[in-house]
Amino acid sequence: IYIGEIAILCMNLPVLILDTELQEEYQKFRMGASVSHVPIDMIETGRWRANKNVVEAISAAAQKMSKAEIYHIYVGGNKIEQTISTMRYWLSKFVGRNKDGEFNDCLVIYDYIKLMNMRELKNDLAEWQVLGFHMSSLHDFVTRHKIPLLCMCQLNRDGSERDDDTVFAGADRLIWFASNYSILRNKLREELEEDGPSAGNMRLKVIGT
């Protein structure tokens, strides 16, 4: 989600992060590390206070983050209906509508789509069927309200080396409802050598749109 965090700070938009993994405190650490370019372990342990340059970087990052309309909600273990209800409340309270009755510009990030608990596998439903229902529900909601949703998912083991739609875990159901799906992964050694250090150590590739 680091790319999303940096993009958020460059836009004057209200952003909702629906997080199935991390509590808000740890997400703030990650965001602060991303914006300040200070290693996250220095922020978590408090060692950043011992270096004047690092203190200045953290202060500047904190100032930027304080101006961003970022709303983080932990939804781990929630049913998809609860998560959609949370989205609806946030849109009404913090985003609002324009003169045409549509919601103002905003962004929702869902990190990440997965099976919340084994109780969802009832009535002999397979995991891919439950994930398909989750995606279908999210797709219908954001399409109806005309808002963008950036939805994360995991890659399977082949995702570290291959770039195609077979590497998405639960691919058949997840990408059915996506208007664009891309892969973000660590570069291979050959790619690092070819691109050089200035091009970063990760690769984002659009697979379908």
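**Reading buried residues, helices and cysteines**

Me: Is P14 buried or exposed?

Reply: P14 is buried, at a relative accessible area of 9%. Buried means under 20%, exposed means over 50%, and partly exposed lies in between (1.4 Å probe, protein chains only). This is a predicted model, where local features need pLDDT of at least 70, side-chain atom pairs count only at pLDDT 80 or more, and totals for chains, interfaces and linings use all residues. Residues are numbered from 1 along each chain as its sequence is written, and side-chain values use heavy atoms, leaving out hydrogens and water.

Me: Where does P14 lie?

Reply: P14 lies in the loop between α1 (2–9) and β1 (15–19). Helices (H or I, at least four residues) and strands (E, at least two) are DSSP runs, numbered from the N terminus.

Me: Which residues is P14 in contact with?

Reply: Contact means heavy atoms within 4.5 Å. Leaving aside neighbours within four places in sequence, P14 is in contact with E69, Y71, W90, F94, V95, D105, C106 and L107. Now take N104, 90 residues from P14 along the chain: their C-alpha atoms are separated by 9.2 Å.

Me: What about T83: buried or exposed?

Reply: T83 is buried, with a relative accessible area of 0%. T83 sits in helix α5 (residues 80–95). Not counting residues up to four places away in sequence, T83 touches L18, V75, N78 and Y110.

Me: What span should helix α6 have?

Reply: The expected span is 1.5 Å times one less than the number of residues. Helix α6 (residues 127–145) has 19 residues and should span 27 Å. The end C-alpha atoms of α6 are 28 Å apart, which agrees.

Me: Which residues of α6 are buried?

Reply: They are V130, L131, G132, H134, M135, S137, L138, F141, V142 and H145. Just after α6, K146 takes a positive phi of about 55°.

Me: Where is L184, and how accessible is L184?

Reply: L184 is in strand β5 (residues 181–186). At 39% relative accessibility, L184 counts as partly exposed.
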